[in-house]
Amino acid sequence: MQQRSRSYKDIQTILTDHFSDRSINAGDVDMVGSIFEKEDVIYLIKDVLNNPELLSKVANRSYTHALGFDKIVLMDLRKDVPKVSQKTQLRLHIWNPENTGALPIVEALHEHSFDFVSTVLTGHLENQQFLLSPLSKREEDILTKLRFIINKITPAELKFLNEQMEIVEALRLSGVGSKQFGNLKMDLDLDINRINDLTGFSYNEIMLLCSIEGHYVSNRISGERQAYKHVLKDYVSLTPFCAMKLDAGESYFHPYQLPHRLYYDNKILNSTILVTTEVPSNPEGGSLQRPTYVQKEEQSYDKIVLTPESLTKILNDYLDYLVTH
């Protein structure tokens with residue numbers, strides 16, 4: 001006899017048994033992935049939709065993220081389960097092509113305040129990971145020269161330079177296995193000669209310029225649901241580390257130490273389910289911004305808070321997709 005799918009309560013018990021007092025790690029990938037078969041996820045979502053009190057609780061801590069996906073916090077063990085002190089969450093992330101547009105895109109670079117194991121439920125993603133280090137003396141000199149250049153060129157030229165840095169980033173990532181540069185035929189738009197004419201930077205200096213990012217850290221107010229802000233801490237150097245290609249049914253571990261972004265085809269519906277555990281030494285996370293894009297000391301991000309009604313529509317539409325694909 002086939003075992004029935006796990007209920008919301010079943011999954012909550014499993015996560016409590018494993019992560020009520022310890023952090024998630026790479027050794028948990030297979031175990032976590034095995035929890036979230038397609039039928040389990042369908043059963044889990046139906047449990048939420050059929051329980052008005054639970055639906056309201058989930059909606060109250062969920063929102064449409066500035067990175068472009070619906071972030072649905074299905075469980076928060078510290079709030080939901082007595083005597084659990086660690087912030088362990090189960091999150092469903094949905095990138096709906098109706099909201100994200102029709103072209104393949106990459107998220108803004110960011111870092112997390114938690115470690116997580118993520119299982120791709122639908123679609124496919126590329127997790128682009130980076131190593132963060134202090135600026136070298138040469139990079140500091142390039143940043144100083146860039147600031148001078150920014151004050152001299154036109155807004156249109158700065159926009160071009162920033163767009164070229166995105167292409168150069170994709171080129172750098174191809175060295176660690178990324179398919180973004182080739183998939184999008186970005187070689188057709190790369191113009192090293194014009195970058196050189198505009199900035200005076202050599203090819204190697206352009207590569208170093210691309211590595212320079214403003215490191216913004218969270219300064220949000222506890223309990224604030226409408227918006228949050230990141231303030232500039234310093235400038236850092238990012239080096240491509242890995243580009244993991246992930247298809248539906250595959251799971252991966254991501255440590256908080258690695259800044260990253262996801263590249264995906266948003267002509268299709270992509271979704272993941274994540275188990276996250278907090279890192280007390282890095283409680284808020286942050287974002288990375290190229291100095292060709294942002295020169296401000298502070299970045300604000302809006303949250304589109306979900307209601308029980310809007311969450312019901314999102315989950316019902318998602319269920320329809322799971323059942324028919």
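1. Setting aside neighbours within four places in sequence, Thr122 has contacts (heavy atoms within 4.5 Å) with Ala248, Leu269, Asn270, Ser271, Tyr318, Tyr321 and Leu322. The model is a predicted one, in which local features need pLDDT of at least 70 and side-chain atom pairs count only at pLDDT 80 or more, while totals for chains, interfaces and linings use all residues. Residues are numbered from 1 along each chain as its sequence is written, and side-chain values use heavy atoms, with hydrogens and water left out.

2. Thr122 belongs to strand E6, residues 114-122; helices (H or I, at least four residues) and strands (E, at least two) are DSSP runs numbered from the N terminus. With a relative accessible area of 7%, Thr122 is buried, where buried means under 20% relative accessible area, exposed over 50%, and partly exposed in between, for a 1.4 Å probe and protein chains only. Its side chain makes a polar contact with the side chain of Ser271 at 2.6 Å, and the side chain of Thr122 also reaches the backbone oxygen of Leu269 at 3.1 Å. A polar contact here is a pair of N or O atoms within 3.5 Å; within protein, one must be able to donate a hydrogen and the other to accept it, and residues adjacent in sequence count only if both atoms are side-chain atoms.

3. Helix H4 spans residues 52-60, and its buried residues include Leu54, Leu55, Val58 and Ala59. These cover an arc of only 135° around the axis, which puts them on the same side of H4, the arc being that of the directions from the helix axis to the C-beta atoms. As background, an α-helix has 3.6 residues a turn, so residues three or four places apart point the same way. On the other side of H4, Pro52 and Glu53 are exposed. The partners against which the buried residues of H4 pack are helix H1 (8-19), helix H3 (38-49), strand E2 (70-76) and helix H12 (308-324).

4. Four aromatic pairs are counted, under the rule that rings of Phe, Tyr and Trp (its six-membered ring) pair if their centres lie within 6.5 Å, with planes under 30 degrees apart counted as stacked, over 60 as edge-to-face and the rest as tilted. Trp95 and Tyr264 have ring centres 5.7 Å apart and planes at 50°, so this pair is tilted. The pair links distant parts of the chain, since Trp95 is in strand E3 (residues 88-95) and Tyr264 in strand E11 (residues 260-264), 169 residues apart. Trp95 is buried at a relative accessible area of 1%, and Tyr264 is buried at 2%. Ring pairs join Phe69, Trp95 and Tyr264 into a cluster.

5. Phe114 and Phe116 form a tilted aromatic pair, 5.9 Å centre to centre with 55° between the planes. Phe114 counts as buried at 10% relative accessibility, and Phe116 is buried with a relative accessible area of 2%. Arg91 lies over the face of Phe114, at 4.4 Å from the ring centre, and Arg194 lies over the face of Phe160 at 3.8 Å; a charge sits over a ring if NZ of Lys or CZ of Arg is within 6 Å of the ring centre and within 35 degrees of the ring normal.

6. The disulfide count is zero, a disulfide being a pair of cysteine sulfur atoms within 2.5 Å. The sulfur of Cys210 is 18 Å from the closest cysteine sulfur, in Cys242, too far for a bond. Cys210 counts as buried at 0% relative accessibility, whereas Cys242 counts as partly exposed at 23%.
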